Protein chains: 2
Amino acid sequence: MTGRAEALPALAEVFRAHGYEGASLALISRATGLGKGSLYNLFPGGKAEMASCVLEEIDNWFEHNLYAPLRQAERPAEAVSAMFDAVEAYFRSGRRVCLVGIVALSSERDRFGEAVRSYFARWVAALTEALQRSGRDAAASAALAEEIVIQIQGAIVLARALDDPTVYTRAMTALKARTAAG
Amino acid sequence: MTGRAEALPALAEVFRAHGYEGASLALISRATGLGKGSLYNLFPGGKAEMASCVLEEIDNWFEHNLYAPLRQAERPAEAVSAMFDAVEAYFRSGRRVCLVGIVALSSERDRFGEAVRSYFARWVAALTEALQRSGRDAAASAALAEEIVIQIQGAIVLARALDDPTVYTRAMTALKARTAAG
DNA sequence: CCAAGTTTGTACCGATCGGTACAAACTTGG
DNA sequence: CCAAGTTTGTACCGATCGGTACAAACTTGG
């Protein structure tokens with residue numbers, strides 16, 4: 001038996017590469033190496049369930065690797081810095097796209113609206129908390145947290161559009177410097 | 001005769017709302033009020049040609065209303081400020097999505113890669129020029145120009161994800177202030 | 001080792017996809 | 001006003017869509 005967990009990474013890549021509508025069952029089947037029978041055995045709810053599970057797994061990954069450390073760090077400034085590194089590695093400097101961001105921009109936002117909202121709201125909240133605990137006042141922390149998430153998402157867009165990952169790294173270097181200084 | 005020009009706004013909205021793959025000819029036909037006969041009469045190249053034309057029209061709009069003014073402004077600082085206002089109105093504070101950004105994130109980037117690249121490259125270049133002529137050095141101008149485009153794209157993503165246009169206006173207010181100050 | 005349960009591949013479903021063919025309905029020029 | 005050219009709606013094309021049915025192939029427990 002191959003469980004859902006084993007199929008999710010390949011599934012995620014298909015959705016990332018082709019979007020929800022563009023990810024046909026034929027592509028999904030090829031990418032996962034699973035026939036339709038197996039896919040519908042693992043995900044009785046079909047494509048919608050596959051996408052839900054992928055979003056959930058991504059959410060879990062971010063919660064565990066980024067949000068929780070930000071909230072609980074003893075040295076919050078270091079946690080923020082570690083987040084920048086983890087995010088850069090995860091999105092491969094903009095070569096890899098943010099699936100949750102794509103869903104937010106697409107017409108599937110309504111279908112997965114709450115998952116998308118929660119992912120970004122918790123990101124901003126965790127970052128706000130870390131920034132505040134590292135010595136900023138509440139308003140400045142909230143503003144900077146929002147700006148950081150915005151710049152990450154925007155840098156992915158621009159780096160991909162210009163097909164130039166240095167756009168991503170350059171923006172993040174400047175942003176990290178401002179975050180450390182502020 | 002209804003020309004291409006009259007059909008383009010409705011076409012653009014369909015592509016914005018559903019992406020390239022999700023924009024079926026049935027949706028396009030409904031949105032434009034044109035039957036297949038008319039659509040293929042206007043756009044013999046089918047969906048690909050429709051999308052090309054839409055991207056070209058968007059490009060023309062940005063070139064004429066944003067890039068050219070930025071490059072030619074006698075008072076470049078005012079041109080930058082006017083750009084912020086025009087962009088906020090165009091994207092309706094993030095309620096409306098950037099079609100070129102969406103294409104950049106999708107698998108259609110390869111099909112329309114050069115159009116996407118050029119749109120963003122010229123945006124950054126025009127902004128760099130205006131910032132430089134308003135008294136910044138070359139390096140600082142280039143960095144800030146890139147950051148502005150990044151924040152615009154990111155703010156659209158986050159505002160839509162959180163379903164909260166104030167995210168967009170808030171980010172832009174802070175960015176405008178920094179741009180004016182710098 | 002075999003029976004019961006699970007997983008898998010294949011064939012098939014109706015619906016819809018993008019695109020074509022083409023006659024009927026219009027518009028236009030003389 | 002009519003002939004020539006243009007535009008339009010409709011019917012249709014094969015391909016693919018997401019999803020279902022189900023028998024054959026496997027796995028597992030006793």
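This is a predicted model: local features need pLDDT of at least 70, side-chain atom pairs count only at pLDDT 80 or more; totals for chains, interfaces and linings use all residues.
Colleague: Why is A:Thr32 called buried?

Modeller: Its relative accessible area is 18%, and the cut-off for buried is under 20%, so A:Thr32 counts as buried. A:Thr32 sits in helix 2 of chain A, residues 25-32.

Colleague: Which residues does A:Thr32 touch, not counting those up to four places away in sequence?

Modeller: A:Thr32 touches A:Ala7, A:Ala10, A:Leu11 and A:Leu39. Contact here means heavy atoms within 4.5 Å.

Colleague: What makes the approach of A:Thr32 to the backbone oxygen of A:Ser29 a polar contact?

Modeller: A polar atom of the A:Thr32 side chain lies 3.4 Å from that oxygen. The limit for a pair of N or O atoms is within 3.5 Å, so 3.4 Å passes.

Colleague: Is A:Arg117 buried, exposed or partly exposed, and why?

Modeller: A:Arg117 has 33% relative accessibility. Buried is under 20% and exposed is over 50%, with partly exposed in between, so A:Arg117 is partly exposed.

Colleague: Where is A:Arg117 placed, and what is in contact with it beyond its neighbours within four places in sequence?

Modeller: A:Arg117 belongs to helix 7 of chain A, residues 113-133. Leaving those neighbours aside, A:Arg117 is in contact with B:Ala161 and B:Leu162. Within chain A, a polar contact of 2.7 Å joins its side chain to that of A:Glu114.

Colleague: How do you know that chain A and chain B form an interface, and what is its area?

Modeller: On the contact count, 36 residues of chain A are in contact with 36 residues of chain B. The area buried between the two chains is about 3,100 Å², and carbon and sulfur atoms give 64% of that. A:Leu105, A:Ile150 and A:Arg160 supply 23% of what chain A buries against chain B, more than any other three residues.

Colleague: What makes up the lining of the second largest cavity?

Modeller: The second largest cavity has a volume of about 50 Å³. Its lining includes A:Leu105, A:Val157, B:Cys98 and B:Gln153. The lining divides into six nonpolar, two polar and no charged residues. Cys counts as nonpolar, so B:Cys98 falls in the nonpolar group. Helix 8 of chain B gives the largest share of this lining, three residues.

Colleague: How does the lining of the largest pocket divide, and where does its largest share come from?

Modeller: The residues divide into seven nonpolar, one polar and five charged. Arg and Glu count as charged, so A:Arg170 and B:Glu147, which are among the residues nearest the centre of the pocket, belong to the charged group. Helix 8 of chain B supplies the largest share, six residues. The space in this pocket is about 270 Å³.

Terms used
Residues are numbered from 1 along each chain as its sequence is written. Chains are lettered from A and ligands numbered from 1 in the order in which they are written. Side-chain values use heavy atoms; hydrogens and water are left out. Helices (H or I, at least four residues) and strands (E, at least two) are DSSP runs, numbered from the N terminus. Buried means under 20% relative accessible area, exposed over 50%, partly exposed in between (1.4 Å probe, protein chains only). A polar contact is a pair of N or O atoms within 3.5 Å; within protein, one must be able to donate a hydrogen and the other to accept it, and residues adjacent in sequence count only if both atoms are side-chain atoms. On a 1 Å grid over the protein atoms alone, a cavity is a set of points where a 1.4 Å probe fits but cannot get out, and a pocket is an open set with protein on both sides within 12 Å along at least five of seven lines; lining residues have an atom within 4 Å of a point. Grid points are joined across faces, edges and corners, and a volume is the space filled by probe spheres set on the points. Buried area is the accessible area (1.4 Å probe) that two parts lose on being put together, summed over both.
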